[in-house]
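Subject: Handover of a structure and its computed features

Dear colleague,

Please find below the structure for your review. The notes that follow it set out what was found.

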Amino acid sequence: MHTYVKRLALMAHQRVCVLLPGMLCSERLWAGQETALRSLAEIVHLRPSAPDIDAMADQVLSLPYRRFALAGLSLGGIVAMAVARKAPERIERLALLSTNARAPRPGQHDAWRAMADRVRAGEFHRITPDGLLPSLVHPRRRAGLAGTVVAMADEVGPEAFLAQLDAQHSRRDELSSLTAVRGPALVVAAEQDALCPIERHEEIAAALPYGRLEVLADCGHLSPLERPRLVSDLLTRWMAEGADPPHPRDNHL
C-alpha cells in the first residue's frame, strides 16, 4: 500500500520524464543523464516492444500520467513522434535525439530483413560487435564503449530485437504531426552520426513550433553515451524551460 500511495503522490505532484532508448539499447543509454534529470522530474524508463510503431506508441500512452516530458533516441525518437501524432496533448515537452521522421527507404527494409534472418539463424550475439558497432559510435570512442553497447544489446535480447525489426517496417513520415507539439522541443544531432544525418534533424526542428536544434561535434549516433555531460546539460536545460514558450515559429514545410 505504501508503494501505491507514493506512486499516486508522484502522479499528482511531480513532473515526469519518460526516456525511450534506441533499437538494441537499454536503460544504460541514459546512465549519464539520469542523476541530473532526477533532480527535475520522476524518471520513467520504458523500452517499448511491439511489432509496429503505433503499438509501441500505445505502450507509452498506457503510462498512468496525464502529461509527461518525452525523450527518445533513434527508434525511441520515432516512437516519441508517433506519440505526438496520436496524443500531442499528453506531451508536455519533447526531446528527439539521433532520429529520423521520414518513412523507410527500400534498402532499409532489406537490411532489417537480413538482420532478422541472422537472428533466427542463431547469430544474434554477433550482430552488434561484428556489424552494427561501427555505425553506432564515433571511431575514437569505439573501443571504450564497445562493451557497453554489446551489453545493452544482450539486455534487449533476440526476441525483443525481432519485434523492433518488425516495427521498423511500419514507420511512416511523421513530420506533419510534429506541428501539434506545443511545448519546448529539443532536437539533438551528431556530426558523425552514420545513421541519421544532420539534415533529418534540421527538418524535424523546423516542423516543431518550439523546436531548437543542437548539433554535437565529434560525436556519433549514441550521443548520450559518447558525450554524457553535454547531453545531460542539454536535457536539463530543456526540462528547465518554461512550459509555454512565448513565440512559436511560423513553420511551413
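On a 1 Å grid over the protein atoms alone, a cavity is a set of points where a 1.4 Å probe fits but cannot get out, whereas a pocket is an open set with protein on both sides within 12 Å along at least five of seven lines; lining residues have an atom within 4 Å of a point. Points are joined across faces, edges and corners, and a volume is the space filled by probe spheres set on them. By this rule there is 1 cavity of 30 Å³ or more.

The model is predicted: local features need pLDDT of at least 70 and side-chain atom pairs count only at pLDDT 80 or more, while totals for chains, interfaces and linings use all residues. Residues are numbered from 1 along each chain as its sequence is written, and side-chain values use heavy atoms, with hydrogens and water left out.

Cavity. The largest cavity holds about 50 Å³ of space. Its lining consists of P21, G22, C25, R47, P48, M56, L75, G76, V79 and Q164. Helix α4 supplies the largest share, 3 residues (helices, H or I of at least four residues, and strands, E of at least two, are DSSP runs numbered from the N terminus). By class, this lining has 6 nonpolar, 3 polar and 1 charged residues (Ala, Val, Leu, Ile, Met, Phe, Trp, Tyr, Cys and Pro count as nonpolar, Asp, Glu, Lys and Arg as charged, and the others, Gly among them, as polar).

The largest pocket contains about 570 Å³ of space. It is lined by 31 residues, of which M23, S74, Q108, W112 and L195 are the closest to its centre. At least two lining residues come from each of α4 (75-86), α5 (106-120), α6 (124-136), α7 (142-168) and α8 (198-207). The lining divides into 17 nonpolar, 10 polar and 4 charged residues.

Cores. A nonpolar core is a set of buried Ala, Val, Leu, Ile, Met, Phe, Trp, Tyr and Cys residues joined through side-chain atoms within 4.5 Å; buried means under 20% relative accessible area (1.4 Å probe, protein chains only). In the largest core, of 46 residues, C17, L29, F161, L222, L235 and W238 touch the most other members. Helix α7 gives the most to this core, with 10 residues. Apart from it lies another core of 38 residues, including A57, Y65, V79 and V181.

Residue S232. This residue sits in helix α10 (residues 228-240) and counts as buried because its relative accessibility is 8%.

Yours sincerely

Technical notes:
Buried means under 20% relative accessible area, exposed over 50%, partly exposed in between (1.4 Å probe, protein chains only).
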